[in-house]
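Thanks for coming. I will go through one structure, starting with some of its helices and ending with its cores.

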Amino acid sequence: MKLETLLEIAGVKLAFSSHKFMNAAPLLESRAAWSVVMKDTILASGENGEWRISVDSAELSSPYHAADIEVEWQHSGYSQQTAVEVRLEFAHWTPSTYVLVPGAVYGGNRFEARELSYPPCWSKLSERGPDTPALITDVPRLSSSSQGPSVIQLLTGDAATPAVGQYDPERSLGFLILTRQQTEFGDTSIHVEETVDRKSAVVSFRAPGMRAGTKYDMCTTEAPSPDRGADFREGDRVRFHFQVFVFPCLSVSGLFRVFAEVRQSLTGIPELREILPFSAAWAIQEEKYNKLNWNGVYGYYSVGTVDMKHQDWQLGWVGGGMSSYALLLEGNGESLSRAQHTVDFIFSGQTDAGFFPGVFYNGHWYGDEFSEDPGRDAPEQWHIVRKSADALYFLVKHFLALNKRQPDAPLPERWLVGTKKLADGFLRLWNSYGQFGQWLHAETGEMLVGGSAGGAMAIGGLALYGWYLKEQTYLATACEAGEYYYRKYTQKGITTGGPGEILQCPDSESAFALLESYMVLYETTGEQKWLRRAEEAAQQAISWCVSYHFIFSENSTFGRLDIQTAGSVIANVQNKHSAPGICTLSGDSLFKLFRASGNPLYLQQLRETAHQLPQYLSREDRPIRGWNGEDLPHGYMSERVNMSDWEGGDLVGEVLPLSCWCEVSNMLTYVEVPGIYVQPDTGLLWVADHVECSFHEERGRKYLTIFNPTSYPASVKLFMELSTEAANPLGQCASTDWLRVRIRPGEVLKVPLPLS
């Protein structure tokens, strides 16, 4: 299809602008529309310059209307402090248009905002109760009002994929445009601007990236922009590369489905390196946890290593009661014992309502309220629902892990009683409010702040608990809650409030929690609708995952280490860093989803996220330097994968010098994700671990050849099954039954495949 026809279907005009700035302040703009009958477009550039713009397009092989577009700008004369812009001008637009910038903007981020410094806490606000409106911090967003300016401006590093998508419900039409991170003049900026009447809008891309006037810093869109235009001289060229997709679209989920399919169409499937086998990373982390994270005074694995309140013990979310599950299932004798003590410790703080205080430090329990303002409202009562929801899910996983490790030993009575008390607390919460909310009073169970998808893991927790005890009441409530959260969040393409210090900004953590919960519902009920909903949730979760390797400055820490960002996961639209893994899960729900659906998209995403995790681990033979100028200790992993300048341009590619929750994601990956997956009857071979594999035949017998190219010995988990067996639910703790293949550095092994 010709480009002009594609644009006509989308209701879009292609145009170009040249902008002159004084520092970051706009001074002058010249604009020209693209015409198909003209070979080139001529555009003035200030008083002494001119642009000759050519457009080269080709039809893409795609089930959708799709085109590959290259726009080249050639300059003559001299232009100071200038940026050039490719514009897509939408003539048909309404406030109901769903706008997506992956990892940065969901539904246009059209929420009421509150201007609060970090950490923004509900105790600073007057809005309370189960019907609290969804409120976000001052992040880039389109206006929730029908009047006034409505503008988003970002750099490509703010997005998981440099792209903008829209779903027009009035025309049942979807639109996606992909671009690259950079041109010859550095990172590109992404802009969405609505007219005052909200009846039209412009999506545009500028080079060099220019956010006019202001930019986003932590919790504010009013930071002065450091961006500057380029001084263009005779013969300078700027080249943009885009791919555009236009398609029938009946729902927000349709937009995410197409995006998940095409998001790597422009950049390609990223190549991954073999660096550190999963088992070697596990050994480093297990040693570190027993040496640095074990609190021998109170008997638990702490979430960090620094002597401060939020690095000591936090339940759920950032790893408390999650690392212990991994160490219980996979660890040595010392880890096994300490993991059990950690679960004992969890119940020592349980309240009468069945929930838990979120924080423990130096012998005292604290609420989850982050602010240290002495005038804040009753900080000890505030509890993040997500923490107790994580706890319920992972406590049942502890049950199953202990059953695997010690099949003849009964579960401790305290574990059973305490977990029932917690599950009953969630039943009361659901029966009282018809939701799980975001914040509650830990002592009474009263819902302090409702709304958000923050409590989504309670669905999976109740389902798994009901299945384990064969108690239908819990499973039935999980199904009711799953229906509610699907309609309220997944179906609308907005998942909010998973982290406790973002108010109710859209975030990746609740997106993955919904995926996890829908897969648990599918595996425990066998109902196909939960599989369909898991696919919708997965496609939304994938939008938060970085799809390409960001180009860091050669002088940055990540630039020097040649860190590959594909597979990392952006946290939320407020805290605009990507992170090494999913907070705080292994991602095995994607593997289960592949087995149930047969869609290889989920395997590809899981491989990128799982395979890339070990590169972020600081090691004695390859330390990672923190932004304080000191090397992170052996076994540390930081959450910061900063592609965005939200903490300052000098911190792009730099590392927060703390031990973080992503270490738990790394351990969970080794525990729950196969290193190699084979279906001998179909020839499917999937490799997530840091080994190279291939099939070969010898004397009529088929073999799997495994090569370890790293300098570490590996113990690789190999899961083989027939394609017909993939329909059977995998369940929890399945890895204990997988084959372990031990292979030395540089060694090649042959594993015989089962005879058909």
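The buried residues of helix α5 are S323, S324, Y325, A326, L327, L328, L329 and E330. This is a predicted model, so please keep that in mind throughout. Helix α5 covers residues 323–330, and eight of its eight residues are buried, so the helix is largely enclosed by the rest of the structure.

Next is helix α2, residues 252–262. How many of its 11 residues are buried? Nine are, and the helix is mostly covered. The buried ones in α2 are V252, S253, G254, L255, F256, V258, F259, A260 and V262.

Is H310 buried or exposed? Its relative accessibility is 19%, and the cut-off for buried is under 20%, so H310 counts as buried. Setting aside neighbours within four places in sequence, H310 is in contact with V303, V359 and F370.

On to a pair of helices. Two packed helices are described by the angle between their axes and the distance between the axes. Here the pair is α3, residues 278–293, and α16, residues 662–672. Their axes come within 9 Å and cross at roughly 130 degrees. Angles over 145 degrees would count as roughly antiparallel, and 65 to 115 as roughly perpendicular; α3 and α16 are therefore oblique to each other. Their crossing is left-handed.

Which residues meet there? From α3 we have F278, S279, A281, W282, Q285, K288 and Y289, and from α16 we have E663, V664, N666, M667, T669, Y670 and V671. Sorted by class, the contact of α3 with α16 has eight nonpolar, four polar and two charged residues.

Last, the cores. In soluble globular proteins, nonpolar side chains tend to be buried together. The largest nonpolar core in this model has 188 residues. Which of them touch the most other members? They are Y98, F426, F436, L462, Y485, F512 and L515. Helix α7, residues 385–405, supplies the largest share of this core, with 12 residues.

Take F426 as an example. Not counting residues up to four places away in sequence, F426 touches F355, V385, S388, A389, L392, F436, A458 and L462. Two of those names, F436 and L462, are also on the list of core residues that touch the most other members.

Apart from this core lies another, of 46 residues, with W73, W93, V105 and F240 among them.

That is the end of my part.

Definitions and conventions
Residues numbered from 1 in each chain as written. Predicted model: local features only at pLDDT ≥ 70, side-chain atom pairs only at ≥ 80, totals over all residues. Heavy atoms only, no water. Buried < 20%, exposed > 50% of the residue type's maximum accessible area, 1.4 Å probe, protein only. Helix = DSSP H or I, 4+ residues; strand = E, 2+ residues; numbered from the N terminus. Axes fitted to C-alpha atoms, helices over the stretch in contact; angles between N-to-C directions. Parallel < 35°, antiparallel > 145°, perpendicular 65-115°, else oblique. Left-handed = near helix turned anticlockwise from the far one by under 90°. Contact = heavy atoms within 4.5 Å. Nonpolar A, V, L, I, M, F, W, Y, C, P; charged D, E, K, R; others polar. Core = buried A, V, L, I, M, F, W, Y, C linked by side-chain atoms within 4.5 Å.
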